[in-house]
Amino acid sequence: MAGVSAASRRQASAESGGSTNAASRRQSSAASRRAFDERAERALGDPALQQVLRAGQDYVQALSVAARAAPDWPLALDEVARVRGATLARLDRYVEEFASNVEKVGGHVFFAADAAEARRHVVDLAELRGVRLVVKSKSMVTEEIGLNPVLEAAGIEVVETDLGEFIVQLAGERPFHILKPAIHLPLDRIRALFSKAAGRDVGGDAHAMTRYARDTLRDKFFAADMGISGANFGVAATGSVVLVTNEGNGRMVTTLPRTHVVVMGVERLVPTFPDLEAILKVLPRAGVGLRATTYVTALTGPRRAGEADGPEELHVVIVDNGRSRMLGSKYEQVLSCIRCGACLDVCPVYRKIGGHAYDAVYTGPIGAVFSPLLDGLACHAELPFASSLCGACTEVCSARIPLAELIRELREDAVEQGLVAPAWGAGFDGFAAVARRPRLWGALETVALPLLRLMTAVGAPLRGRGPLGAWTRDREFPAPQRGSFRALWARGPARRDGPDDRGGPLGRERGRG
Amino acid sequence: MTDPTTVADPSAASGGEASVEREAFIERLRLRLAPDAPTAPTPNASVPPAPSASATPAPPAPAALAFAADTIALFVERLGGLGVTVAEVASLAQARQGLERLVARRRWSAVACAADLCWDGIAARHTLEARDAPFGLSRADWAVAETGSVVVRSSACVRRGYSLVPPAVGFFVAARRILPTVGDVLRALPVEGSALPSCVSFISGPSSTSDLAAIHVVGVHGPGEVFVWVMAEE
């Protein structure tokens, strides 16, 4: 990936011991912003990707529209938010309860303060057990902690078994979408990847390709020594791990290998099974428009005495990696996320730039909040700005997380930490200074309005030029109305009636891509 | 089985070092949530059971729901929507006959199921091993009308593989075990971890994916075909 990757920025920030001065911080974040712009430009200039992104969002929205129209939908979202909020409010107790209950049923618990501890524990365990082949079911947190490369460096073969993850692993890419990791790849590209791996042409039909993946991965399931999964949820009262899947690979990974390792974020708990009711109702409907996923599996401890299948050992790795910093902060609600992906499927920015432009494990609106909080704002200072603040994400969020507000909060933090160009702060200070002085405002209006009218009259030749270049390149600048709001107001109520909407305050976006 | 509590084992969570890490981990959470509270309670004190976050209503009386005809009708309708082949039969004997006919028609060489589910009609083809069987059979412990799900618990007899590994699977569902919602089953589960089986699976239709260019394909890693016999009486 060209430009400055988030990983190298993280490393640079760690090496400098966080003592970089404001100027160099600003410089590095300006560089990462340029890199972000380049990635976004690449996505915008890829017509096939644009088609996939549009189709993907439209497809999910069409599927989930009926669920969202149900009269009890808002109540279900309220309930999800309440359960998640109540859990986070006493997370210390639920974690303790969960861990002791996992141990009561014969599982082992490891507490990992950061990614390095989590990685080391899993690799040590794999080496100690002489593991040569690991099968994995889809897990964002193992992406977050960078588990696969470390296992591979230890000489252990790691196979992703979720079909989408299997494809991106073959492509050497990162998941593109939280729920649909390979949604950006067209069928012929997947055919080429599969055919290369198989050493023969697997055919161009989706069913034939699925058959190839099934056959290949089935052998891996039976041969693997260790299965690694994430956890959609942990149930504190029983020490159970709940997985929500469609393909069945999650059940294979947690049934066939003799050791099962669960890697989960510390926030992913609920108090009891009944507390899952609203979540299990909302998650599949919001994510893929289904009443239920094919499988919801509740695993409580390793196999019991007398059972003939299931893992002999269960290890649960509970990962903090920056989450405790969010607890009790103004960003706490982001930990309520149930990873339904709904915010990605409505976001107008994601619709244009896709997942890889974010250069982060978590993408879209939730990623624009969660990634900077996990890795440090300096690593992803551009992400809170990858938003139009339209609020669509807040509106659809299954856990009622005010994503747009949190994105705005992060922008404030970025300004305060000196991570954005000084012009940003100066611009808003200037606006505030003028807006507080009605006479100055009026005086500027008499100059600015004719200028704006001139600009819109000249039109095309000015597009993409001057200080508003980046904005006008892709948008029609709205022609100012006759007279200002203040002038209209002064004329009195009778003359103010009637709509006079010419493009709205934000202008009209020109079709692109 | 390797003893998971050997000294060098990173899984030895109850060791002194591990419990220090654990306390530090939980203390970090506690301090973020209640920075002014006094320090942690004495170690080894039992964790007070945290109350459920939801106001849990009393579990529904299964008997009252069982014979609600519309619950059964909804279950059958939802199964159809998921692409499940469903037959409503009067009794276990009829369900068995239906399965025998299916096995004969498909020329399945083996039926994988628990020993206590096997009967004379399939005994010749019965196997305990799911791996190479063309068909796996389970008895559903519950079913959910709203989602068309069957719920299966693992046990010494019931392997997880019977409902997962073969390309086609079937379930015998007693009508009185059909509950209206997923929540009804969640409330019916034991509240103690030790009383739960190691695996409870909600299964709603065939294994499926849309990961290949958003094309819907059934039968990925799990079964591509699902059959359900709803028995009015067991």
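Predicted model: local features only at pLDDT ≥ 70, side-chain atom pairs only at ≥ 80, totals over all residues.

Reader: How many bridges join strand S4 of chain B to strand S7 of chain B?

Author: Two strands pair if DSSP finds at least two bridges between them; strands (E, at least two residues) and helices (H or I, at least four) are DSSP runs, numbered from the N terminus. Here 5 bridges connect S4 (residues 135–139) with S7 (residues 168–174) of chain B, and the two run parallel.

Reader: In what order do the 6 strands of the open sheet in chain B lie?

Author: The order is S1-S12-S7-S4-S2-S3, with parallel pairing. Strand S1 (85–89) and strand S3 (126–127) of chain B stand at the edges with a single partner strand each, so one side of each has no neighbour in the sheet.

Reader: In which sense do strand S9 of chain A and S9(B) pair?

Author: Strand S9 of chain A (residues 295–299) pairs with S9(B) in the antiparallel sense, over 5 bridges. Within S9(B), B:Ile203 is the bridge partner of A:Tyr295.

Reader: What area is buried between chain B and chain A?

Author: The size of an interface is often given as the accessible area lost when the parts come together. Buried area is the accessible area (1.4 Å probe) that two parts lose on being put together, summed over both. For chain B and chain A it is about 7,500 Å², and carbon and sulfur atoms give 59% of this. B:Arg160, B:Asp211 and B:His221 supply 11% of the area that chain B buries against chain A, more than any other three residues. Counting contact as heavy atoms within 4.5 Å, 79 residues of chain B and 106 residues of chain A take part.

Reader: How many salt bridges does the rule find across the interface of chain B and chain A?

Author: Side chains of opposite charge can pair when their charged atoms come close. A salt bridge is a side-chain nitrogen of Lys or Arg within 4 Å of a carboxyl oxygen of Asp or Glu. Across this interface the rule finds 4 salt bridges. B:Arg187 forms a salt bridge with A:Glu277, with the closest N and O atoms 2.7 Å apart. B:Arg22 forms a salt bridge with A:Glu103, the corresponding distance between the closest N and O atoms being 2.9 Å. That pair crosses between chains, from helix H1 of chain B to helix H5 (residues 91–104) of chain A.

Reader: How far apart do the C-alpha centres of domain 1 and domain 2 of chain A lie?

Author: Domain bounds come from an automatic or database domain assignment. The assignment for chain A gives domain 1 (2–56 + 343–420), domain 2 (90–161 + 227–321) and domain 3 (437–501). The C-alpha centres of domain 1 and domain 2 of chain A lie 28 Å apart. Their contact takes 5 residues from domain 1 of chain A and 8 residues from domain 2 of chain A. These two domains of chain A bury about 550 Å² between them, 57% of it on carbon and sulfur atoms, and the count of salt bridges between them is 0.

Note on methods
Residues numbered from 1 in each chain as written. Chains lettered and ligands numbered in written order. Heavy atoms only, no water.
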